[in-house]
Amino acid sequence: MKFVRTKDGSFTAFSKKYKEHYHSLSGAYEEAFEKHVNALGIEDGMKILDFCFGLGYNSIIATKKHKKLQIVGLENDIEIIKAIRELEVPKEIEKEFTAFRNLAEKMEITDGNNNTIKLIIGDALVSLDSLPRDYFDRVFFDPFSPGKQPEMWSKEIFRKVYAVMKQGAKLSTYSCAESIRQNMTDVGFKVKDGPAVGRKSPSTIVIKP
Ligand SMILES: C[S@@+](CC[C@H](N)C(=O)[O-])C[C@H]1O[C@@H](n2cnc3c(N)ncnc32)[C@H](O)[C@@H]1O
């Protein structure tokens with residue numbers, strides 16, 4: 001796997017299939033922390049769905065300073081999970097990555113603070129159907145962009161994601177496209193601006209009311 005250094009010094013990957021980087025080039029670490037983990041607020045014991053796990057930044061950063069998180073990651077490409085083994089990360093999150101570097105072999109790992117990450121490898125659109133209803137407190141929603149992967153941002157997907165979230169649960173995503181927000185609103189989510197990080201436009205936070 002060829003990694004690309006982003007402006008905050010952390011590394012991301014580039015998808016040859018979608019011709020898109022896995023993170024904003026302004027900073028992979030910054031994006032995961034500011035647009036997802038910090039924007040949602042994580043509490044010990046939460047159940048988290050990582051929709052499009054990739055290199056695992058969102059979930060692995062969420063485990064920092066937390067315990068008993070129960071994280072389910074959906075991903076269809078085992079090669080990107082294998083790449084977590086060699087990913088060089090900022091020292092602030094080195095300890096957390098060390099705990100989860102062997103996910104590709106184990107598929108489920110629990111760290112020393114009882115945070116568990118369990119991966120389901122396959123098409124996330126199908127995997128969603130196997131998850132319990134009204135279950136997750138937080139969702140990191142992180143597919144490639146709507147322009148490259150429109151099927152991941154449809155009303156049908158948001159309806160399925162809505163179904164697996166608890167009442168009051170929150171979801172974060174980097175896109176603020178009007179058509180995407182409309183799809184989210186149409187299935188029942190309340191939509192708010194998330195933080196603008198590395199660009200002028202905000203990200204998006206939605207709540208299941
Ligand atoms: C933008 S990247 C995710 C970045 C990731 N959150 C990280 O921290 O590296 C999108 C990810 O979605 C995965 N993906 C694309 N289509 C998928 C599908 N239908 N089902 C599951 N995963 C998919 C890709 O393999 C890629 O790892």
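Predicted model: local features only at pLDDT ≥ 70, side-chain atom pairs only at ≥ 80, totals over all residues.
The ligand is surrounded by 21 residues, of which the closest are L55, E75, A124, D142 and Q149.

Aromatic rings were considered next, and the count of aromatic pairs comes to 9. One of these pairs is formed by Y18 and F144, whose rings are tilted, with 4.9 Å from centre to centre and 35 degrees between the planes. Because Y18 belongs to the loop between strand 2 (11-15) and strand 3 (20-21), whereas F144 belongs to the loop between strand 8 (136-141) and helix 7, the pair ties together parts that are 126 residues apart in sequence. Both Y18 and F144 are buried.

For W153 and Y174 the ring centres are 5.7 Å apart and the planes stand at 80 degrees, so this pair is edge-to-face. Since W153 is located in the loop between strand 8 and helix 7, and Y174 in the loop between strand 9 and helix 8, the pair ties together parts that are 21 residues apart in sequence. W153 has a relative accessibility of 2% and therefore counts as buried, and Y174, with a relative accessible area of 14%, is buried as well. W153 and Y174 also belong to one aromatic cluster, formed by F51, F141, W153, F158 and Y174. A ring is also involved in an arrangement with a charge, in that the charged end of K47 sits over the ring of Y135, 5.2 Å from its centre.

Helix 8 spans residues 178-186, and within it I180, R181, N183 and M184 are buried. Viewed down the axis of helix 8, these buried residues fall within an arc of 155 degrees, so they line one face of the helix. As a general point, an α-helix has 3.6 residues a turn, so residues three or four places apart point the same way. The cover over the buried residues of helix 8 includes helix 7 (155-164) and strand 9 (165-173), together with strand 10 (190-193) and strand 11 (204-207). Just after helix 8, G188 adopts a positive phi of about 120 degrees.

When neighbours within four places in sequence are left aside, the contacts of S203 include R181 of helix 8, Y174 of the edge-to-face pair, and, among others, K35, T173, S175, C176 and K192. Not counting residues up to four places away in sequence, K208 touches D134, Y162, A163, M165, K166, Q167, G168, A169 and F189.

Methods: Residues numbered from 1 in each chain as written. Heavy atoms only, no water. Buried < 20%, exposed > 50% of the residue type's maximum accessible area, 1.4 Å probe, protein only. Helix = DSSP H or I, 4+ residues; strand = E, 2+ residues; numbered from the N terminus. Arc of directions from axis to C-beta. Contact = heavy atoms within 4.5 Å. Phe/Tyr/Trp six-rings, centres within 6.5 Å; stacked < 30°, edge-to-face > 60°. Lys NZ or Arg CZ within 6 Å of the ring centre and 35° of its normal. Near = heavy atom within 4 Å.
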